Every structure is written in structure tokens, then in C-alpha cells.
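Hello,

Here is the structure for your files. My notes follow below it.

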Amino acid sequence: RDNVTLVDVKRDPIQRVTETGIETGEETFELDAIIFATGFDAMTGTLLAIDIRTDTGATLKEAWADGPSTYLGLMVAGLPNLFMINGPGSPSVKANMIVALEQHTDWLMALLDHLAARGLNRVEAEAEAQADWVEHAREVADATLMPRADSWYVGANIPGKKRVYMPYFGGFDRYCALVDEIAKDGYRGFSLSRHEGEPQRQAS
């Protein structure tokens, strides 16, 4: 059985990569392979790497200048028809990711069916509902020690990233019950409308 060695590179930083491995200030490690997984910009990095903007020029980067804000981890106020799967403000990494992904996808597909059945084609998170959700998610997280850790959960591994505890920590079952209640209440917190620039499609 191979031995595993854990090295605290904050205490003993990597000095250089050689032809045969890695040297820190105190030790040399001979390695067959090196897998780099540093600087992982969790939950926001991939989205912000895309130039997402509305027809008025509003961008996701601007909306998240002070850290990610979403409604239910699914949408962002001011950016209609932009749907997120396992986004910040959702249980995502604090749940089974596959189960969370399936729940998000099923919920959003039901929302699209709801729109189509009514001849609508635009949905947007309401700013007040989003602010309430962000505050609720913050309160749930602050009841724990999780936001105090310098982890990627708060973006501490990315220099300059606004420190925000990004996942929803209220529990996956609780989250599912909340979003199902919102759907049953006519998708409370979302503005549903018809944008005349698109052809109307009626569900059969």
C-alpha cells in the first residue's frame, strides 16, 4: 500500500518544479505526475468568464461587483432568461451535486413549461425577492462557523474576490420545499412576461 504525504504549502511553499518532481523550502518530492488544481474560482468564475449581458448592456460582472447575488441560486435580477444550475445561493456543493443538478433542471423545465402554456417567453428575478433571498442565505450561513474559514466557499483562494459565503447552507430538503412552494404560488418573486421581439409559441 502506497503512503500518502500531506504537505502544508502555506507553511512550506513550493519553490520550484523540477524534471523529477517538486521542491519546497524544506523538502524535495520525486513524483511521477503533477496535477495542478490551484486558483479554482468556485461558483462564479466560469460564469464571469463569459461576457453575459442584456440587450441594454447590463452585465453579470456588474451585477456581481459586490459579490454574487441570486434569487434561489437560479436567476439574477436584471438579467432575464439567464438560468443557472447549482449557482451561488443554491445548495449546490453543500448537497449531492448530481441530485441538486437534477432538482434544478426539473424545476427550471417546469418553469419553462409554465411560461409556454401561457404564451410567455421572459422571466426575471425581482430585485426585492433576490435581496430577501441573499439575506436569508447569509443568516443561515452566519449561524455556523463556515463563513469564517478561509476557504473557496467564500472565495478566499482568489486574490481580490469579494468575500461572500456562496452556497446555501439551509439544507437541501428545506431548499426543495421552499422552491416548490414558490412555484405553487405562481412563481413568487419572478416577473413573467412576454417580449414581443420573439414569436409566440403556445404549448399544446
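**Aromatic pairs, cores and a surface patch**

Tyrosine 71 is buried, at 5% relative accessible area. Buried here means under 20%, exposed over 50%, and partly exposed in between, with a 1.4 Å probe and protein chains only.

Two notes on the basis. This is a predicted model: local features need pLDDT of at least 70, side-chain atom pairs count only at pLDDT 80 or more, and totals for chains, interfaces and linings use all residues. Residues are numbered from 1 along each chain as its sequence is written, and side-chain values use heavy atoms, with hydrogens and water left out.

Now the rings. Rings of Phe, Tyr and Trp (its six-membered ring) pair if their centres lie within 6.5 Å; planes under 30 degrees apart are stacked, over 60 edge-to-face, the rest tilted. That rule gives 10 aromatic pairs. In one of them, the ring centres of tyrosine 71 and phenylalanine 190 lie 4.8 Å apart. Their planes stand at 50°, so the pair is tilted. The two residues are 119 apart in the chain: tyrosine 71 is in the loop between helix H2 (60–63) and helix H3 (97–117), phenylalanine 190 in strand S5 (residues 190–193). Helices (H or I, at least four residues) and strands (E, at least two) are DSSP runs, numbered from the N terminus. Phenylalanine 190 is also buried, with a relative accessible area of 5%.

Tryptophan 107 and tyrosine 187 form another pair, with centres 5.3 Å apart. Their planes are at 75°, so this pair is edge-to-face. Tryptophan 107 sits in H3, and tyrosine 187 in the loop between helix H5 (172–184) and S5, 80 residues apart. Tryptophan 107 is buried at 6%, and tyrosine 187 is buried at 6%. Ring pairs also join Phe40, Trp152, Tyr153, Tyr165 and Phe169 into a cluster.

Next, the cores. A nonpolar core is a set of buried Ala, Val, Leu, Ile, Met, Phe, Trp, Tyr and Cys residues joined through side-chain atoms within 4.5 Å. The largest has 20 residues; Tyr71, Trp107, Tyr175 and Phe190 are among those with the most contacts inside it. H3, strand S4 (122–125), helix H4 (127–142) and H5 each supply at least two of its residues. A second, separate core of 8 residues includes Ile52, Leu60, Leu82 and Met84.

Last, isoleucine 14. It lies in strand S1 (residues 14–17). Its relative accessibility is 45%, so isoleucine 14 counts as partly exposed.

Best wishes
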